[in-house]
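Look at the sequence and the model before reading on.

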Amino acid sequence: MKSTTLWASCLLSSLGVHAHYIFATLSINHGPYSPDWQYIRKPVNPSWTPSGDYSYYPMFDVYSTDIRCGRNATTLGGGVQTATVQAGDHLSVGLSSAVSQVSHGGPGMFYMAKVPEGTKIEEWDADGDWVKIADLGHVEGTRAEWVTDKKSYKSMNVTIPATMPPGKYLLRIEHLFLRTGIKQTNFFVSCAHLEVKGSGGGKPGPTVKFPGAYDDFDLAIWAPLHTQGYWLDDYVTPGPSVWKG
Ligand SMILES: *[C@@H]1O[C@H](CO)[C@@H](O)[C@H](O)[C@H]1NC(C)=O
Ligand SMILES: *[C@@H]1O[C@H](CO)[C@@H](O)[C@H](O)[C@H]1NC(C)=O
């Protein structure tokens with residue numbers, strides 16, 4: 001409780017600085033970006049923020065159901081549209097207009113989970129079997145640069161595996177600001193609603209659950225050796241290996 005309060009006051013002191021970020025827009029095959037939150041569930045503000053848009057504030061608790069899709073987003077699918085995509089399509093996710101850049105170095109990841117038969121995507125609580133489809137870790141051939149490090153980066157990109165079975169999916173979009181202390185790493189997570197078309201044929205795996213996939217003692221998360229300014233070349237992102245289809 002005490003540390004939560006401490007963190008809340010640190011974060012409050014930076015209100016207005018926008019040192020945080022969240023992905024809210026979607027572009028398919030290099031097309032225009034959608035408006036904010038058209039295809040992506042918008043997390044609620046942390047309970048301690050004043051009124052206004054603080055949906056981009058990070059989460060810290062890997063054991064909460066919020067880690068699936070963002071704060072309260074297990075119940076926030078209503079009104080979110082579903083984007084139709086083909087397996088093999090290039091997707092780019094862009095920042096909410098309330099923020100200007102990915103302001104912290106760290107890894108980015110994409111996961112997908114198929115909506116169960118008989119469940120509406122808008123009503124799904126995202127308690128699925130998640131497969132990781134991309135890792136944006138450190139830049140190969142460098143020792144200290146993240147793929148998403150460049151301050152000018154306003155997007156993260158992914159290709160839907162070509163053999164992804166058709167159906168409705170949540171696309172989990174995640175970026176981490178790694179900190180050296182337990183429960184200090186910042187999680188920026190949101191989820192897009194997708195309908196994947198295509199001939200399928202793949203068997204996505206390995207899959208994980210959220211919460212469940214991560215723990216506080218994972219060296220990829222509390223990262224005493226992997227924050228900015230340290231060598232990153234042995235850094236492996238948290239969670240399962242990537243399924244390429
Ligand atoms: C992602 O793709 C978009 C085009 O769809 C491109 O403008 C952007 O530069 C790419 N972002 C990164 C980080 O490569
Ligand atoms: C978020 O979820 C919590 C816990 O279920 C609930 O108490 C709170 O009212 C929710 N907040 C909003 C803004 O929906």
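**Questions and answers**

Q: How many other C-beta atoms lie within 10 Å of Ala213, which is partly exposed?
A: A residue is buried with 20 or more other C-beta atoms within 10 Å of its own, exposed with 12 or fewer, and partly exposed in between; C-beta atoms are placed from the backbone. Ala213 is partly exposed because its count falls in between. That count is 18.

The model is predicted: local features need pLDDT of at least 70, side-chain atom pairs count only at pLDDT 80 or more, and totals for chains, interfaces and linings use all residues. Residues are numbered from 1 along each chain as its sequence is written, and chains are lettered from A and ligands numbered from 1 in the order in which they are written.

Q: Which residues is Ala213 in contact with, leaving aside its neighbours within four places in sequence?
A: Ala213 lies in the segment after strand E9 (207-208). Strands (E, at least two residues) and helices (H or I, at least four) are DSSP runs, numbered from the N terminus. Contact means that two C-beta atoms, placed from the backbone, lie within 7 Å. On that rule, the partners of Ala213 are Val208 and Gly239.

Q: Is His30 buried or exposed?
A: His30 is found in the loop between E1 and E2. Its phi is positive, about 70°, although His30 is not a glycine. With 9 C-beta neighbours inside 10 Å, His30 counts as exposed.

Q: How many polar residues does the shell around ligand 1 have?
A: The residues around ligand 1 are Ser27, His30, Ser92, Tyr153, Ser155 and Asn157. Each has its C-beta atom, placed from the backbone, within 6 Å of the ligand. Ala, Val, Leu, Ile, Met, Phe, Trp, Tyr, Cys and Pro count as nonpolar, Asp, Glu, Lys and Arg as charged, and the others, Gly among them, as polar. The shell has one nonpolar residue, no charged residues, and polar residues numbering five.
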